[in-house]
Amino acid sequence: MMTKNVNVARMNHYKLLTLLLVVSAAGAVVYGSFLKNSGVASADTITSARTTAGFADSIGVVAHLSDSDYPAGSTIKNHLNYVGISHVRTNNVMNTHDGGYSKGITTSQLLGLNGIKQTFTIPKPSHDAGKTPNDSQIQAAINGRLNYISDNNLKNSTESIEIFNEYDNAEVATWPSVLARGQHYLYTQRGRLNSNAKILGFALVGYKLGNDAAQIQYADDRHLISTYFNQGNLHTYYGVNMPESAYPTAIPGQTHFAPASAPTGPATAFDLRMKYYTYYIGKDKPVVVTELGYVDDPSYEKSVSERAAGVYVPRMVFETFRIGVTRSYIYELLDEPSASPSFQKHFGLFRSNGTPKPSAKAIHNIATLIGGGSDSLRTTGLQIRYNGNTEDLKTVLLQKNANEYWLAMWRAKSVYTKDHRDISVDPDDVTVGFSGNKDMTFYSNLTNDTPRSRSFNHTSYASVPVGAEVTLLKIRSS
């Protein structure tokens, strides 16, 4: 009897052990499912980070410093400080008899003294009616800008220079020859600038790239035209469309824009314009987008509302940064009521009276929140998992220092229709999880004067609402 009881006990022990193992395994499955559903990062899910300083440095703005609609230097400096932008592209007039000549010089000098770098365009060369500009006329135009920079003590604040803006739109049938000669000559004169200044390639009209890019692959000496510039130069405007790209997230130090074969079709969107430019003109070169943006003129068919621009412009600069564009110059700083045609009046981040539009407020809030850090920081990856509704979710991870990250999140959703109506996009929760506990602060409503914030302390995940507007999640180790 006793032996029988011992055997029964042993059998019950083995059954209990088996049951515990099953329960344990089931528990592991359930727990693993919970981790997955809660968004806690798995050990092999590592997101690469880039620096907050690098992101800030990737944003520039076009400012027509000589134009009558632009105020004097201190006001321009204050506007730039508000949006946290330290790179300006300008077309300052060079003729002493032109209106705004002195204002352009003093404003550029003031900006330079305050650490704001400038890109100067070179005005189109003069020529006789119906004739192609000759070498002397081309070189005179280039020398005029180089002398302007030197004579007005602007060398130290000049970070790049470019020739003959959108010259394929000029009434010169031989425009490829003019650009080929001009680009080559400008490059030979690069020693007249500071040693760090870049020679940009020429920018063509964005929607014409499908036809025009193939016409200007070579310089006048038959070397590839890209031999004579440091960075490619693209223009693109989005009309009523979203700014998101199909290009993959960039790997720092690698250029990946040029397609393997010649692109086809009309250059109506950013990706195809980039493909035309990089395939024919700037293959294997880093790219600067010196004009991009949204217009909010209600009478223009390709316009969006101020509200929609406030959503799209922050997405635009995060998206170009994500895919590896070196710098993107928002067009433009201020509305210009004297501009013609009418739609040219309404591209500004600021209205003509100096008040910030929603887009300026959003850029200001982003710059204020993530500002600081160093581009020399050696970034480290962060283990992240996303769960919940991740449809159309876009993300960019930035790192400010060894212990602080910023995660930008938004959905690639349209907020404006072609028949000029705003669309409301309700945010859906996304669970963002990590491998260890973090202290987090979530920022939304960035187009407001003061963003909305919510904190999550000492937790490995946070569920946050993400819609069409850019949101920011500050992440620190607990």
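This is a predicted model: local features need pLDDT of at least 70, side-chain atom pairs count only at pLDDT 80 or more; totals for chains, interfaces and linings use all residues.

Colleague: What should helix α10 span, and what does it span?

Modeller: α10 covers residues 358–370, and its end C-alpha atoms are 18 Å apart. Helices (H or I, at least four residues) and strands (E, at least two) are DSSP runs, numbered from the N terminus.

Colleague: How many residues of α10 are buried?

Modeller: Eleven of the 13, so α10 is mostly covered (buried means under 20% relative accessible area, with a 1.4 Å probe and protein chains only). Among them are Lys361, His364 and Asn365, as well as Ile363 and Ile366.

Colleague: What happens just after α10?

Modeller: Gly372 takes a positive phi of about 100 degrees there.

Colleague: New topic. How many cavities of 30 Å³ or more are there?

Modeller: Two. On a 1 Å grid over the protein atoms alone, a cavity is a set of points where a 1.4 Å probe fits but cannot get out, and lining residues have an atom within 4 Å of a point. A volume is the space filled by probe spheres set on the points, which are joined across faces, edges and corners.

Colleague: Which residues lie nearest the centre of the largest cavity?

Modeller: Tyr294, Val313, Phe347, Gly348 and Ser359, out of 13 lining residues. Its volume is about 50 Å³. Ser359 is also one of the buried residues of α10.

Colleague: And what lines the second largest cavity?

Modeller: Gly310, Val311, Pro314, Ala362, Leu446, Thr447, Glu469 and Val470, around about 40 Å³ of space. Helix α9 (residues 306–323) gives the most, with three residues.

Colleague: What volume does the second largest pocket have?

Modeller: About 470 Å³. Of its 19 lining residues, the closest to the centre are Arg50, Pro252, Gly253, Phe321 and Gly324. A pocket is an open set with protein on both sides within 12 Å along at least five of seven lines. β2 (50–51) and α2 (52–57) each supply at least two residues of that lining.

Technical notes:
Residues are numbered from 1 along each chain as its sequence is written. Side-chain values use heavy atoms; hydrogens and water are left out. The expected span of a helix is 1.5 Å times one less than its number of residues. Buried means under 20% relative accessible area, exposed over 50%, partly exposed in between (1.4 Å probe, protein chains only).
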